[in-house]
Amino acid sequence: MSGMSARILKMLRNNRDYISGEDISAELGVSRSAVWKSIGKLRDKGYIIDAVSNRGYRLSEGIDLPISDEIHRYLETECFGSEIVYMDSVDSTNNLAMTLAARGAVHGTVVTADQQTDGRGRLGREWISPPGTNLYLSIILRPEVSPAGASQIPVLSVMASIKALERTVSDLPFRIKWPNDIYCRGRKVSGTLCEMKAEIDRVNHVVVGTGININMKLPDDSIKDKATSLLVETGNEYSRVRLAVFLLEEFERVYKRWLIEGNLEFIIDEWNSFSLLKDKQIEVRTANRTVRGKALGIDLNGALKLELPDGSVRFVYAGTATLHGASQGS
Ligand code: BT5
């Protein structure tokens with residue numbers, strides 16, 4: 001947003017009543033037609049600005065786009081989200097974040113978008129990302145840990161997502177499905193895709209991309225029976241901006257604690273208490289095999305502990321889990 005638009009927006013926000021074009025142009029030292037043009041640009045961005053002759057302009061309401069100005073109105077973090085890059089449309093916020101990270105974007109830089117044209121899930125799967133409804137947010141992290149240590153970050157991010165969801169709607173039964181999905185009443189409401197650029201002993205950067213279905217009506221397609229949204233579950237709409245703020249605040253809190261503690265011990269019990277799979281018979285598909293057993297919860301490294309039929313315990317570091325005998329996504 002241009003400097004003038006931002007200053008006009010600030011004046012409108014600070015005045016509950018109408019403010020005349022004359023007063024704005026005098027305050028900013030610009031012509032009235034320049035003021036008019038900037039008001040037009042703000043409207044193009046989605047701000048609803050009433051204009052009444054002889055009275056002037058009034059901001060009717062803010063907008064619910066996860067743009068920097070809106071998020072920064074509420075955000076109380078040290079560095080998560082200190083820089084926010086917003087796109088009306090992007091192939092994938094993770095792609096853009098990886099590019100920006102490679103060009104040196106600072107730790108905590110966030111990329112958000114109104115829609116993704118090629119939103120990605122894990123293993124090349126698709127993430128349905130329509131405009132005007134959901135949150136698509138990627139954050140660039142530069143942890144000073146080994147690549148193995150960085151693989152614990154998805155545990156932190158999914159915990160941040162579930163806390164952000166609970167802050168938004170306190171009475172829905174959100175559950176974590178290992179490794180990084182959030183379900184509500186048997187359907188997926190959020191997913192996270194973590195990507196990393198590393199050398200053998202050193203992490204360059206990690207990008208954590210989270211999608212949360214907020215105001216999406218169920219699309220009439222392949223995910224209809226698997227997905228849900230806060231709107232579908234409650235009948236109410238929720239602010240994408242506020243959810244982005246909650247997510248960044250919760251993520252920074254848990255991330256800072258993790259850096260101090262040096263492992264996941266502080267979070268394991270809480271994570272397991274949210275687990276959809278704990279103590280259930282499940283099936284985990286890994287890159288080259290399918291393992292069945294009873295899920296015992298996660299360990300210090302974020303691996304899933306699985307009790308096999310012969311009583312031995314196996315640690316699974318990556319894969320896709322389903323409840324045994326249930327369809328994918330249960
Ligand atoms: C995930 O993958 O759940 C990770 C999703 C990460 C999306 C975010 S959005 C911001 C950032 N930018 C990106 O490009 N990605 C990240 P996975 O566990 O592989 O689940 C993918 C599966 O979920 C698909 O195969 C569908 O079955 C289902 N799915 C697709 N879109 C969905 C949606 N909007 N809601 C619920 N389920 C969906």
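This is a predicted model: local features need pLDDT of at least 70, side-chain atom pairs count only at pLDDT 80 or more; totals for chains, interfaces and linings use all residues.
**View 1. The open sheet, strand by strand.** Here are the 7 strands in their order, β3-β4-β5-β9-β8-β7-β6, with mixed pairing. The edges belong to β3 (84–90) and β6 (174–177); each has just a single partner strand, so one side of each is left without a neighbour in the sheet. Going from one strand to the next, the twist averages 20 degrees.

**View 2. Two helices against the sheet.** Helix α7 (residues 153–168) lies across β5 (135–141), β6, β7, β8 and β9 (202–212). Relative to β8, α7 runs at about 145 degrees. Helix α9 (residues 240–261) packs on the sheet as well, touching β4 (110–116), β5 and β9. The direction of α9 makes about 30 degrees with that of β5.

**View 3. N94 and its surroundings.** This residue, N94, sits in helix α5 (residues 93–102). Is N94 buried or exposed? With a relative accessible area of 3%, under the 20% cut-off, N94 counts as buried. Leaving aside neighbours within four places in sequence, N94 is in contact with R120, S138, L193, E195, V207, V208 and G209.

How values were computed
Residues are numbered from 1 along each chain as its sequence is written. Side-chain values use heavy atoms; hydrogens and water are left out. Two strands pair if DSSP finds at least two bridges between them. Helices (H or I, at least four residues) and strands (E, at least two) are DSSP runs, numbered from the N terminus. Axes are lines fitted to C-alpha atoms, for helices over the stretch in contact, and angles run from 0 to 180 degrees between N-to-C directions. Contact means heavy atoms within 4.5 Å. Buried means under 20% relative accessible area, exposed over 50%, partly exposed in between (1.4 Å probe, protein chains only).
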